[in-house]
Amino acid sequence: MTQQFKTKITSKHSLFDLHLKETFEYRDLIALFVKRDFVSLYKQTVLGPLWAIIQPLLTTVVFTIIFGNLAGLTTADVAGDYIVPGFLFYMSGNIVWSYFSGTLNATSGTFINNRATMGKVYYPRLVSPISTACSHLISFGIQLAMFLVFWAFYLIRGGTSITVSPMLLLVIPTVLEMMLLATGCGIIISSLTTKYRDLAMLVGFGLQLWQYGSPIAYGLQLIPERLMWLYMLNPVTPIVTTFRYALFGFGYFSLTYYLISWAVTLVLFFIGLILFSRIERTFMDTI
Amino acid sequence: MEELMIKIDNVTKQYKLGQIGGTTLRDEMQRLNARIRHKEDPTKKIGAKDYNRGETFMALNGVSFEVRKGERVGIIGHNGAGKSTLLKLLSRVTAPTSGEIGLNGRIASMLEVGTGFHPELTGRENVYMNGAILGMTKKEIDAKIEDIIEFSECRQFIDTPVKRYSSGMYVKLAFSVAAHLDSEIMIMDEVLAVGDMAFQQKCLDKMNDVSRKDGRTILYVSHNMNTIRQLCDRVVVLDHGTVIFDGDVEEGIKVYSSAFSNSSYSLDYSTVPRLSWLKNTKVKCLYAEYIGKNNIIFTGSEAPRLLLRWKNEEDITNLCLRIEIKTTDRTPIATAVCFDFYSGNKGETGESVFRLNISSLTSGEYNVNYTFFLKDSLGGNIDVDCVRGLSLIRETADCLIWNRKNWGAIQLPNLEAENV
């Protein structure tokens with residue numbers, strides 16, 4: 001008697017079996033994980049979600065003092081007579097970077113941090129990094145709201161070059177790209193760290209270097225024109241500059257570089273997905 | 001015939017021995033380099049024997065069995081027999097090395113209690129979390145949350161963070177969630193170990209209930225044979241990664257337990273280490289033997305005649321002996337005593353033959369303990385030596401099929417009906 005089974009567990013695994021449909025069926029779990037991450041982060045704190053604002057606010061103040069006032073680094077992405085408050089400039093870079101580094105850092109520990117649960121029950125493993133990316137997005141949303149308050153203040157007060165332009169719509173694809181890039185890099189690292197713990201050490205250090213290699217604490221004008229193509233290969237750069245362009249209404253935007261960074265992002269993300277679904281089957285044996 | 005729910009077909013799971021994981025990228029690079037140049041592995045410790053590279057261990061070695069809808073299958077076996085590995089494969093925590101498993105329905109596994117509980121969240125939030133991890137949707141949990149809370153007996157604490165729960169409450173809540181799943185197949189691994197007796201019973205009843213009523217299939221792993229007896233209608237015995245028995249519960253338990261008992265009909269105790277609590281070794285048992293036997297099977301009205309030999313470490317007056325009879329899962333069921341049968345001086349060797357009346361025992365295998373003791377002035381007793389005795393198997397032609405699960409192991413003398 002042969003009978004069709006709904007689920008088959010075998011030793012074989014096809015390269016593109018990414019469990020995406022199954023992951024979608026677990027969307028309630030994603031929602032609950034997001035809630036858990038967010039709620040548990042601020043449990044037993046007096047200020048609660050205010051911490052999401054305080055951190056980037058303080059970082060921005062520090063950046064303004066050190067990079068702006070002491071080091072005197074440029075805050076211009078393009079040459080011209082544009083006036084942008086340093087405070088707003090640093091804050092825009094900071095909230096993008098804090099989302100990116102926070103998400104990458106958290107997703108890179110997916111397997112190691114969840115091994116207790118994952119060693120006991122099956123659920124599509126992709127649920128974890130996705131929910132991490134989403135819960136960080138909430139913090140990002142809060143920070144963006146804070147940014148918009150300052151932004152509106154400068155806009156109303158005047159005296160700056162900030163304008164509202166149709167480019168503002170670019171914020172949405174840019175944020176999406178930022179999510180995909182951070183998650184993609186994170187799950188690549190989390191897949192590799194099941195065997196090589198070295199990478200976990202590298203993440204903190206690597207992210208710091210990456211930040212210096214992205215226009216967070218300085219404007220794009222600092223980069224010599226002949227090195228620009230090399231600098232732009234860093235997919236974070238177009239994300240940050242496009243984000244600033246969209247919000248300020250002026251700045252640096254190159255469609256070519258923007259599309260290249262999208263391509264890099266997508267490639268990294270899919271490499272991540274393939275690696276992740278390969279590793280997730282037997283990672284419990286080696287972790 | 002009911003439809004097939006689980007089909008395990010020649011499944012193996014191989015683990016690598018020695019260092020895996022935890023290795024660093026640098027070590028790996030050096031090793032790779034060495035292999036390319038055919039040099040000795042530079043990461044190997046000097047003087048260390050060739051490490052276990054390439055050596056493997058088969059946790060499961062060709063396991064095949066099928067489970068039909070509504071069956072409650074117990075999986076038993078010694079530590080390392082492969083039970084947990086099998087469950088891990090079934091619950092898709094890790095993948096098999098070869099072979100195939102077919103599942104016909106959702107699986108809910110309760111491999112360990114409180115899986116996925118987050119300490120900061122309240123009981124109610126964790127019910128949702130845990131349910132979702134086990135594959136329920138929010139709507140399904142919404143419909144059942146009241147039942148779950150009621151069953152867990154934790155209503156009072158349901159909105160308190162679970163980090164303040166006692167371990168018992170943890171189990172109760174976790175079990176309640178799992179028991180209310182709609183999954184067709186349930187996997188339970190020693191989950192009941194932490195709950196109190198009443199709750200354990202409640203869980204077993206609940207499992208029995210859902211299995212009979214909704215035709216749920218249950219796989220239950222436990223070392224507690226009593227719960228296996230209560231819940232399961234079939235057992236699979238694993239040993240060193242293979243199935244050595246598949247079928248009736250009592251038969252299976254016998255197969256499993258037989259590895260613990262020894263089937264010899266004589267034993268030398270002179271070098272057997274004693275339990276540490278026996279500080280008072282005034283007597284040392286040397287030897288035991290069933291007289292006139294070359295096996296341990298006693299049929300019909302045959303009564304064991306037990307020869308015991310012992311040595312007096314001190315002067316002994318009025319030595320007594322207890323023969324304690326236990327089932328193969330070590331539950332004591334009966335004891336026979338012989339009072340004041342011997343007195344002797346230090347250094348002498350004593351010897352006696354005891355006739356043990358086992359006519360009340362029903363058919364089956366029993367473990368036996370011999371305990372020598374002395375009575376003290378207050379009427380208590382002081383154990384002076386205790387050894388694990390010769391096992392015995394009783395075979396009687398019972399006039400009815402004995403239901404051991406519900407009737408026990410002792411058949412008292414027949415009732416006498418009086419005419420009134």
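Helix H4 (residues 86-107) of chain A packs against helix H8 (residues 171-193) of chain A at an angle of about 25°, and their axes are 7 Å apart. The model is predicted, so local features need pLDDT of at least 70 and side-chain atom pairs count only at pLDDT 80 or more, while totals for chains, interfaces and linings use all residues. Residues are numbered from 1 along each chain as its sequence is written, and chains are lettered from A and ligands numbered from 1 in the order in which they are written.

**Exercise 1.** Describe how H4(A) and H8(A) are arranged, and which residues meet.

*Solution.* Begin with the terms: helices (H or I, at least four residues) and strands (E, at least two) are DSSP runs, numbered from the N terminus, and axes are lines fitted to C-alpha atoms, for helices over the stretch in contact, with angles from 0 to 180 degrees between N-to-C directions. Angles under 35 degrees count as roughly parallel, and H4(A) and H8(A) are therefore roughly parallel to each other. Next, look at the residues in contact, meaning that their C-beta atoms, placed from the backbone, lie within 7 Å: Val96(A), Tyr99(A) and Phe100(A) are among those of H4(A), and Met178(A), Ala182(A) and Ile187(A) are among those of H8(A). Finally, the residues of this contact divide into 8 nonpolar, 5 polar and no charged.

**Exercise 2.** Work out how chain B touches chain A, and which element of chain B gives the most.

*Solution.* First, 40 residues of chain B are in contact with 31 residues of chain A. The elements that give two or more residues to this side of chain B are strand S1 (4-16), strand S4 (98-103) and helix H3 (123-133) of chain B, and S4(B) gives the most, with 5 residues. Then turn to the strands, which pair if DSSP finds at least two bridges between them: strand S1 (residues 7-10) of chain A and S4(B) pair in the antiparallel sense over 4 bridges, with Thr10(A) opposite Glu100(B).

**Exercise 3.** Trace the open sheet of chain B that contains S10, and name its edge strands.

*Solution.* Start with the order, S10-S11-S13-S16 (chain B), in which 4 strands form an open sheet with antiparallel pairing. The edge strands are strand S10 (266-268) and strand S16 (349-355) of chain B, each of which pairs on one side only.

Key: Two residues are in contact if their C-beta atoms, placed from the backbone, lie within 7 Å. Angles under 35 degrees count as roughly parallel, over 145 as roughly antiparallel, 65 to 115 as roughly perpendicular and the rest as oblique. Ala, Val, Leu, Ile, Met, Phe, Trp, Tyr, Cys and Pro count as nonpolar, Asp, Glu, Lys and Arg as charged, and the others, Gly among them, as polar.
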